[in-house]
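Visitor: Could you take me through one part of this structure at close range? I would like to see what surrounds it and how its neighbourhood is put together.

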Amino acid sequence: MIHFTNDAIGEPAADLVARLSARLGPRGVLTATEDTKAYETSARHGAGSARAVLRPATCGDLCWSIETLLAAGEQFVVQGAATGLVSGGTPSAEGTQWVISTQRLREVLEIDPINRSARVSAGYRLSDINR
């Protein structure tokens with residue numbers, strides 16, 4: 001496995017970033033340190049270092065991203081709202097894990113006030129739903 005930091009991506013990883021970027025678009029893959037920093041820290045559980053941050057906008061792109069990383073033998077963590085309540089979404093310090101953020105997954109927002117229920121995509125925060 002190739003180890004690298006955000007500013008020095010090795011060639012095989014650069015190919016993977018290019019393939020992911022072609023599918024997810026310019027806002028869908030973050031590699032610059034200033035862009036990934038917010039995804040590498042947790043309010044309560046320290047910080048790590050992400051190989052890159054993937055931000056799929058649809059469920060189809062999320063599935064494709066996971067399949068692509070698994071096929072390449074890459075490690076990843078999935079990050080929700082990044083509230084810092086759990087450390088499972090923070091990458092390790094080694095810089096070998098990709099972060100898959102669910103932030104842009106906002107396809108479904110169905111609120112049923114009569115039944116006091118909601119069906120929402122993973123990218124919505126509770127504060128969005130309450131509004």
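Guide: Let's settle on Val 53, which touches Gly 28, Val 29, Leu 30, Thr 36, Tyr 39, Val 99 and Ser 101, leaving aside residues up to four places away in sequence; contact means heavy atoms within 4.5 Å. This is a predicted model, in which local features need pLDDT of at least 70 and side-chain atom pairs count only at pLDDT 80 or more, while totals for chains, interfaces and linings use all residues. Residues are numbered from 1 along each chain as its sequence is written, and side-chain values use heavy atoms, with hydrogens and water left out.

Val 53 is buried, at a relative accessible area of 0%. Here buried means under 20% relative accessible area and exposed over 50%, with partly exposed in between (1.4 Å probe, protein chains only). The C-alpha atom of Val 53 lies 9.4 Å from that of Ala 32, 21 residues away along the chain.

Val 53 belongs to strand S4; helices (H or I, at least four residues) and strands (E, at least two) are DSSP runs numbered from the N terminus. S4 is part of an open, mixed sheet of four strands in the order S1-S4-S6-S5, where two strands pair if DSSP finds at least two bridges between them. At the edges sit S1 (29–30) and S5 (75–79), each pairing on one side only. S4 (residues 50–54) runs parallel to S6, joined by three bridges, and Leu 54 has Ile 100 of S6 as its bridge partner.

Helix H3 (residues 59–71) packs on this sheet, touching S4, S5 and S6, and its direction makes about 170° with that of S6. For that angle, axes are lines fitted to C-alpha atoms, for helices over the stretch in contact, and angles run from 0 to 180 degrees between N-to-C directions. Buried residues of H3 are Asp 61, Leu 62, Trp 64, Ser 65, Thr 68 and Leu 69. They fall within an arc of 165° seen down the axis of H3, so they line one face of the helix; the arc is that of the directions from the helix axis to the C-beta atoms. Exposed Glu 67, Leu 70 and Ala 71 sit on the face of H3 turned away from its buried side. After H3 comes Gly 73, with a positive phi near 70°.
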